[in-house]
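Have a look at the model first, then read on.

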Amino acid sequence: MNANDEAVLLRIHISNTDKFRHNPLSDMLVYTAKRYGLSGATVLRGVMGYGSSNVVHSTRFWEVTEKIPLVIEIIDLPLNIDRYLGIILPWFDKIPTGCLITSEKVNVILSKKGRPRSFFKS
């Protein structure tokens, strides 16, 4: 992506307890985005929230599962987002819990490549 590109912001609202094939759904979504070359993905942990179940989950209340909301954000070009959605949308038919997926157009102001850091000096 380059500056002034019109891109799409994809937001996937799930819970940290959601699984797909015995793996955390959030991990599957991020690693799939990486595998298919999307520009990046970020998982945001919610402090408090509720969804289609109407049950409020919070880090302030002790719960055995410590269920909290997660939002996965991915920004990329529309074609790449559409291809990614074609891969992941069937997964949600197999998941019994609720979720919400939204998208909106965004304008890229700056897209700067980073370089991997090494924690060990040579």
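A crossing of two helices is called left-handed if the near helix is turned anticlockwise from the far one by less than a right angle, and right-handed if clockwise. In this predicted model, α1 passes α2 in a right-handed crossing.

**Helix packing**
- Two packed helices are described by the angle between their axes and the distance between the axes.
- Helix α1 covers residues 25–35, and its axis comes within 11 Å of the axis of α2, crossing at roughly 160°.
- Angles over 145 degrees count as roughly antiparallel, so α1 is roughly antiparallel to α2.

**Who makes the contact**
- From α1, the contact is made by Leu-25, Met-28, Leu-29, Thr-32 and Ala-33.
- From α2, the partners are Tyr-84, Ile-87, Ile-88, Trp-91 and Phe-92.
- Sorted by class, the contact of α1 with α2 has 9 nonpolar residues, 1 polar residue and no charged ones.

**The aromatic pair**
- The structure holds 1 aromatic pair.
- Phe-20 and Trp-91 form this pair, which is stacked, with 4.7 Å centre to centre and 15° between the planes.
- Phe-20 lies in strand β2 (residues 19–20) and Trp-91 in helix α2 (residues 78–93), so the pair ties together parts that are 71 residues apart in sequence.
- Are the two partners buried or exposed? Phe-20 is buried, with a relative accessible area of 4%, and Trp-91 is buried too, at 12%.

Methods. Residues numbered from 1 in each chain as written. Predicted model: local features only at pLDDT ≥ 70, side-chain atom pairs only at ≥ 80, totals over all residues. Heavy atoms only, no water. Phe/Tyr/Trp six-rings, centres within 6.5 Å; stacked < 30°, edge-to-face > 60°. Helix = DSSP H or I, 4+ residues; strand = E, 2+ residues; numbered from the N terminus. Buried < 20%, exposed > 50% of the residue type's maximum accessible area, 1.4 Å probe, protein only. Axes fitted to C-alpha atoms, helices over the stretch in contact; angles between N-to-C directions. Parallel < 35°, antiparallel > 145°, perpendicular 65-115°, else oblique. Contact = heavy atoms within 4.5 Å. Nonpolar A, V, L, I, M, F, W, Y, C, P; charged D, E, K, R; others polar.
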